[in-house]
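Trainee: Could we go through this structure together, starting with its cavities and then its charged pairs?

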Amino acid sequence: MHYGRGGPGVRKGKDVCKEKAGGMEGRYHDITGTVIHESYLPPQVWDMKSNRSEEYERVHKLQSVASAAVGRWGRKRSCPISYSEASWTGLFDWRRKKWAEEVARVLLPEGGTDMLPEVTDFDDTSNLVPKITEFDSTGAKNPYWDRWPELRGTKCRTFLGVGDGAAANFGSRCGGGGRVCVTVGTSAAARIVVEDEDEDGDGVEEGEGRGKVPEGMWCYRVDGKRRLVGGALTDGGSVVEWMRGILGLEDDEEFNKVMEEVSSGSGGGEGECSAVPFFSGERSTGWRGNATAAIVGITRDTKKADIVRANLEGVAMRIAKIVEPLKRLSEAGVKPGDGGGSAQPRSAPPPPTTLVACGTGLDRNRAWRQMICDASGSRVAALDEGEATSRGVAILMAERLGGGGEGRGVESLEGCEWHEVDEGRRRTFEVKMMEQERAIRALEEGVWGGGRKGGGGSGS
């Protein structure tokens, strides 16, 4: 399978799934934490069955890249996939930690449920996860035994895969404590780690309180006791690249001059405009794959800085739209003393939600971070650390190995550059966000209804 594979075959597969789901899409979203979208597994299976039938007939079990590698090393035909990986298929019941059979039977072709592999936590130590032995079950020599002696038997602890978004949260000091990780690279995402309601990872009641998946968001498992809730935009930093190309700002010096105007506010006035930044369709929160971008209010006075500001603000407002329900989860779930801070009295209100900003799109763009701060109404800590995903994987592995991982992923934010909310700009953004929503509704009614089809991946 090709993760995030697009094209007309997958879009047709999505239409098939929507037709088969009937009026149950809302229920399926609550069960799986995902929507019916091209980037998830069911439409891709339909594409394979319809357009690559010979490949489809040869499929024994669907595998993630990590599980395929572990299975190959252990000379096992198929290997389990982790709760975290299974969550990203769109067919996993995140509450019960098993395949959502009710959903799979409806959305997959006949017999498709037979392709689903076993699932377990990423640190499973049972015999489900194969070990590298000298000989396989048939007595044949395992080539990896001599090639990689470090991986032999009990000398090596093998883990299954973890979703990159979940790992990035832990690597960005957002593994708990009610912090929301906001990442802007080519795409953009906002995510929060939520602990299950009891220490056994059970007790998450369907459709109630913190156990309800917010509308338009996704909910993926991190492991047996924690889940990742958030949303994503197909276009984040890609909007900046588009503007630099179309406005002739490829030269860094020229772009920096325009950004100085944006930061100072001198590019506004009569030329001010606004943007709906759906250049590659919309994911969260509306999941409108046929959406297109628009810049509204351009006049003869509009300058390059106005267009740049409009698009940066447009993305910031869409991120704020995702952050809004995450803040409610944060404030409902933060326990006294969470996040490495001083313990609060149990009668005290929860502390304000902190956003931690990271990613190449935000690292050097202070103005954009401040826009996200003011649009969301939340203080922002700018984290200047690279390789967040790799660091997060190391933290999660260290937890399981007893190597000091506990408490990591929620380290102090001391030393970060902080952005505080400007209440005047916050009120301005409230008006602009309402205007953006009106523009989206107008575009949906007058343009997108018969427009092109498209849309990006599932996001992290």
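Predicted model: local features only at pLDDT ≥ 70, side-chain atom pairs only at ≥ 80, totals over all residues.

Trainee: OK, how many cavities of 30 Å³ or more does the structure hold?

Mentor: The structure holds four of that size. On a 1 Å grid over the protein atoms alone, a cavity is a set of points where a 1.4 Å probe fits but cannot get out, and lining residues have an atom within 4 Å of a point. A volume is the space filled by probe spheres set on the points, which are joined across faces, edges and corners.

Trainee: And how much space lies in the largest cavity?

Mentor: The largest cavity holds about 100 Å³ of space. It is lined by 14 residues, and those closest to its centre are Thr34, Val35, Ile36, Gly90 and Leu107.

Trainee: Which helix gives the most to that lining?

Mentor: That is α2, with four residues; α2 (25-32), α3 (41-51) and α7 (101-107) each supply at least two. Helices here are DSSP runs (H or I, at least four residues), and strands are runs of E with at least two, numbered from the N terminus.

Trainee: Switching to charges, how many salt bridges are there?

Mentor: There are 38 salt bridges in the structure, each being a side-chain nitrogen of Lys or Arg within 4 Å of a carboxyl oxygen of Asp or Glu. Side chains of opposite charge can pair when their charged atoms come close.

Trainee: Take aspartate 47 and arginine 52: are they buried or exposed?

Mentor: Aspartate 47 is buried, at 5% relative accessible area, and arginine 52 is buried too, at 14%; buried means under 20%, exposed over 50% and partly exposed in between, with a 1.4 Å probe and protein chains only. The two form a salt bridge whose closest N and O atoms are 3.1 Å apart.

Trainee: Which parts of the chain does the pair of glutamate 417 and arginine 366 link?

Mentor: These side chains meet in a salt bridge at 2.3 Å, N to O. The pair links distant parts of the chain, with glutamate 417 in strand β13 (residues 417-419) and arginine 366 in helix α14 (residues 366-376), 51 residues apart. Glutamate 417 is partly exposed at 33%, and arginine 366 is partly exposed at 44%.

Terms used:
Residues numbered from 1 in each chain as written. Heavy atoms only, no water. 1 Å grid on protein atoms, 1.4 Å probe; cavity = no way out; pocket = protein on both sides within 12 Å on 5 of 7 lines; lining within 4 Å.
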